[in-house]
Amino acid sequence: MSERSAPEPATDFIRERIRADLQSGKVRQVVTRFPPEPNGYLHIGHAKAITLSFSIAQEFGGRCHLRMDDTNPEAEDQEFVDAIMADVRWLGFQWDAMFYAADYFGQLYEWAERLVEKGLAYVDDQDAETISKTRGTLTAPGTDSPFRSRSPQQNLALLRGMRDGEFADGTKVLRAKIDMAHANLNLRDPVMYRIRRMPHQRTGDKWCIYPMYDWAHGQSDSIEGITHSLCTLEFEHHRPLYDWFCDALGIYKPQQIEFARLNVEYMLTSKRKLLQLVEGGHVDGWDDPRMPTLRGLRRRGYPPQALVAFCKHVGIAKVNGTHEIGLLEFFVRDHLNKSAARRMAVLDPLKLVIENWPGGPGGDHVELVEAQNNPEDPAAGSRQVPFRGELWIEREDFLEQPPKDFFRLAPGREVRLRYGFFVKCTGVDKDAAGNVVAVRCTYDPATRGGNAPDGRKVKATIHWVACRDAVTATVRLYEHLFTDPDPARADGGDFLALLNPHSRRETQARCEPSLAAAAPGTHYQFERLAYFYVDHRDSRPGAPVFHRTVALKDAYKKARS
RNA sequence: UACCCCGUGGUGUAAUCGGUAGCACAGCAGGUUUUGGUCCUGUUGGUUCCUGGUUCGAGUCCAGGCGGGGUAACCA
C-alpha cells in the first residue's frame, strides 16, 4: 500500500567496477557465482553473499551459478547440498547453472601435471607439522623444503604415484613452487593436493588425493567463465595466489573482488560456534527459530523478501561493521505489515464480564462482528468474529490504578473492544489474595462495530476473544539468543555465558476461532501484539503452534521504560 | 613486531571531472488513526580519525601519524 520502500538504484564499488568492465568491453556478459562448501547450513551472512551475486547478475543481464565447493570429503555431505539448494530457492533466487568443484577434479589434475612439468610444483615428503613449522611466521621467512629441488620428472612420477594410491595418507603433498620468503604466507609454497583416502559424495572412491581450496577455487571460476568472483574480505590475501595459478596455467583469469561480510547484533555466524550451540543443546537444532540460519529465520517467521530487502539495503563496502538488529526487524515488519492477515489472540488472559449482555454474561447470546483482515490491504477482505458476554482481554490492558498516560481499561473508564462494542468498567472481582480475577463492565449496544452514533470518543481500543469460542494454542515467544549485542567478542571466547536465559518462553494463548485452522507456513499479525508464524514443523491439524517473529513497535512501552 | 585492507552523524551507507555532506534505520516533536501498529509532517545529531601539503576550492589528491580489521590449517 505504501509507495515507499522504493528500491534506490544500488551503487557501490563492485557495481561501479562491473559497469566499467562492461563499458570498456573487457566483459561482455557478467557471470557471478555463489560457492558454498556443503558442510553446514546457510545463515544470514550467506544471504548477503547470495543476494549480492544473484542480484548483480540480474541487474546486468548476466548469469549466476551455484557451485558446491566440495573439495573436502571429510566435512561435506549430500544433506547439506540439498539444504543449500532449498535455502537459496527459499530466498527467491534461481541459479542459471549448478556445478560441483568435484566435477573439475580431472581437469585440475591435468593442470597440476602441467605445473609440475613447468617446474612450478613439487612433491613434498614432509609431514604436516614440519610444513607448518618451516612456513615461518608473520615476521620471519620460511625455509625451503629439502624436497623442493626435485626434478620435474621425479615430481611427475611421484604425483602420479600419489594419484594412484601408492602412498599412505598424509605422507606426501603437492606444493606450488613460489617463494618461501614471501611476505604473503599464502605464497610460501602452498599445498595443492593432499592424500586422503575417503570416499567423496560425488566422486566415490575415484580419488585419493583432493585439491585444496586455493588450487580449486580460482580454477573452477576460470572453467565456468566467471567474470567477477565476489567473496569476503578474509580472502584478500588469497587473491595473489588465485592470480598466480591462473597466470601459471595460462588460463582465463576471472577477477576476485572482496567485500565485508555481514554482521548483525545478537547474531553469530561462525560455523564452529553455531555447531557448538546445536551440539551443546543450547538450541533445538539448526532450524531453531533463534538461530541465524536461514532455516532458523524461516521458522521464526522472517519472510525471505524482508531478508533480501535488508541485504540490499545494507550495501557493500570494505569496512567490517555490525548492523543494528533493529534495521533487520524494520524490514521484517515492513513486509509483514502489508502482507500478514490480522487476527486477535490473548496471551495473558483476564476475564471481562459484560453485566448487561442479553440473557446474562454467561448466556448463549452471541453476535458476529465483522473484522478487517488487513487494514493495509482492502483486498484481504474481512471475517466474522463471535462476540459474547464473557471475553478474554489482555491482562496488561487493565489497571485498577492507572497512571496518567495509561489509556486502556480502568474502573469507570470506557474503551472500545476492537470491531465489537464500547464497554465501560464498573468494577472488579478479586480472589482472597486480592488479585483481580475478572473485570466487570457494561456495554453499549449502540456501538456495535466500534462506532458511537453520538460521536463520543474513547482513548483506547483493545483486543479480545470470546471465552466460549476461544481456541487454545501454543505460542512461543522469542527474544535475542544472547544478552550481549556482540556475543562473538565475548571474553575468552565464552559466548555461551552470554546466552539469554529468556530467549524462548512458551505459553498457551486464547485465540479467535479461525486460528484453529491456521495453515503451517502462514504469517499473522496478532493485533496490538506482534507478528506470528505458524510453525511448519510442530503444528498439527487443528493445533497450530505460533512463533513470535517480531513484536509490533510499542510507543507506550517504550515511553515507560 | 611483517604484509594486506579500511577509517563519513548512534548504526549502516551516499556524494558525477576535486566545488564545502545526501539517504535509510534509530532518536525527538507534532498530526492522522476502530492496532499507543501503519501512515504523514517536522526535527536533533557529523569540526567527513588527526596533522601538514597541493589547489581559488578536498570527504574526495599527496605525505606522515593515529585507530580498527585481516593473515602463519595436508579447512573453506
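Chain A has a radius of gyration of 31 Å, whereas a compact globule of 561 residues would come near 24 Å (taken over C-alpha atoms, with the globule rule being 2.2 Å times the number of residues to the power 0.38). The model is predicted, so to speak of local features requires pLDDT of at least 70, and side-chain atom pairs count only at pLDDT 80 or more, while totals for chains, interfaces and linings use all residues. Residues are numbered from 1 along each chain as its sequence is written, chains are lettered from A and ligands numbered from 1 in the order in which they are written, and side-chain values use heavy atoms, leaving out hydrogens and water.

Along the principal axes, the C-alpha atoms fill a box of roughly 100 × 55 × 40 Å. Chain A holds 13 helices and 25 strands (DSSP runs, numbered from the N terminus: H or I of at least four residues, E of at least two). Buried residues account for 52% of the 561 (buried being under 20% relative accessible area with a 1.4 Å probe, protein chains only).

Beyond its neighbours within four places in sequence, Leu91 is in contact (heavy atoms within 4.5 Å) with Ala47, Ile50, Leu294, Pro304, Leu307 and Val308.

Technical notes: Buried means under 20% relative accessible area, exposed over 50%, partly exposed in between (1.4 Å probe, protein chains only).
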